[in-house]
Amino acid sequence: MTDPDGVDRITEQWRRERPDLDTTAMAVFGRIFRLARLAGDEVERAYAEFGIGRPEFDVLATLRRAGEPYELSPGALAASMMLSTGGTTARLDRLEKAGLAERRPSPTDRRGVLVRLTARGREVVDRAVGAGLARQQGLLAHLPAADQRRLADLLRQALGGS
């Protein structure tokens, strides 16, 4: 067992005040929220080193994961990121201005447009994903690899396929 943390103090206070409540879920989600915030802040700092934020990284990473030629329609891009097309357009405008992505006419649809990762965009996202992952790994470095895998499995089970 590790030393008590802030979540332990909160759940202990609830146990004292409301012994009829099972605070197990509060302990689990309190730690998940804290870890997510900590990890989010860390990757934001990593991405900032490359002149991008989380929203821009999401677009670049989605294009990169699409594989060669690293392009998608704006609709497919928005759907993959679970964003509105309007929200995607604002991100694309910033990325295009920075030279990290470009819009081009679709060769198969006269009215269509494709969004493509530029060579510079690919370089930035490849470096940023490595830096962000290193920060995340640093947050888990005190856990043995087997425990990290077990934690990932438990969280997958908790999400129940969501």
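A pocket is here an open set of points, on a 1 Å grid over the protein atoms alone, with protein on both sides within 12 Å along at least five of seven lines, and its lining residues have an atom within 4 Å of a point. Volumes are the space filled by probe spheres set on the points, which are joined across faces, edges and corners. The structure is a predicted model, in which local features need pLDDT of at least 70 and side-chain atom pairs count only at pLDDT 80 or more, whereas totals for chains, interfaces and linings use all residues. Residues are numbered from 1 along each chain as its sequence is written, and side-chain values use heavy atoms, with hydrogens and water left out.

The second largest pocket has a volume of about 300 Å³, and of the 15 residues that line it, Leu35, Ala39, Gln136, Leu139 and Leu140 are the closest to its centre. Two or more lining residues come from each of helix 2, helix 6 and helix 7, helices being DSSP runs of H or I with at least four residues, numbered from the N terminus. Its lining comprises 10 nonpolar, 4 polar and 1 charged residues, where Ala, Val, Leu, Ile, Met, Phe, Trp, Tyr, Cys and Pro count as nonpolar, Asp, Glu, Lys and Arg as charged, and the others, Gly among them, as polar.

For the largest pocket, the volume is about 780 Å³, and Arg31, Ile32, Leu35, Leu151 and Leu155 are the closest to its centre among 23 lining residues. Helix 1 (6-17), helix 2 (24-48), helix 6 (119-140) and helix 7 (145-159) each give two or more residues to this lining, with helix 2 giving the most, 9 residues. The lining of the largest pocket divides into 16 nonpolar, 2 polar and 5 charged residues.

Helix 2 also carries aromatic residues that form pairs, defined by ring centres within 6.5 Å, with planes under 30 degrees apart counted as stacked, over 60 as edge-to-face and the rest as tilted. Of the 2 aromatic pairs found by this rule, that of Phe29 and Phe33 is tilted, at 6.3 Å centre to centre and 35° between the planes. The rings of Tyr47 and Phe57 are stacked, with centres 4.1 Å apart and planes at 10°.

Note on methods. On a 1 Å grid over the protein atoms alone, a cavity is a set of points where a 1.4 Å probe fits but cannot get out, and a pocket is an open set with protein on both sides within 12 Å along at least five of seven lines; lining residues have an atom within 4 Å of a point. Rings of Phe, Tyr and Trp (its six-membered ring) pair if their centres lie within 6.5 Å; planes under 30 degrees apart count as stacked, over 60 as edge-to-face and the rest as tilted.
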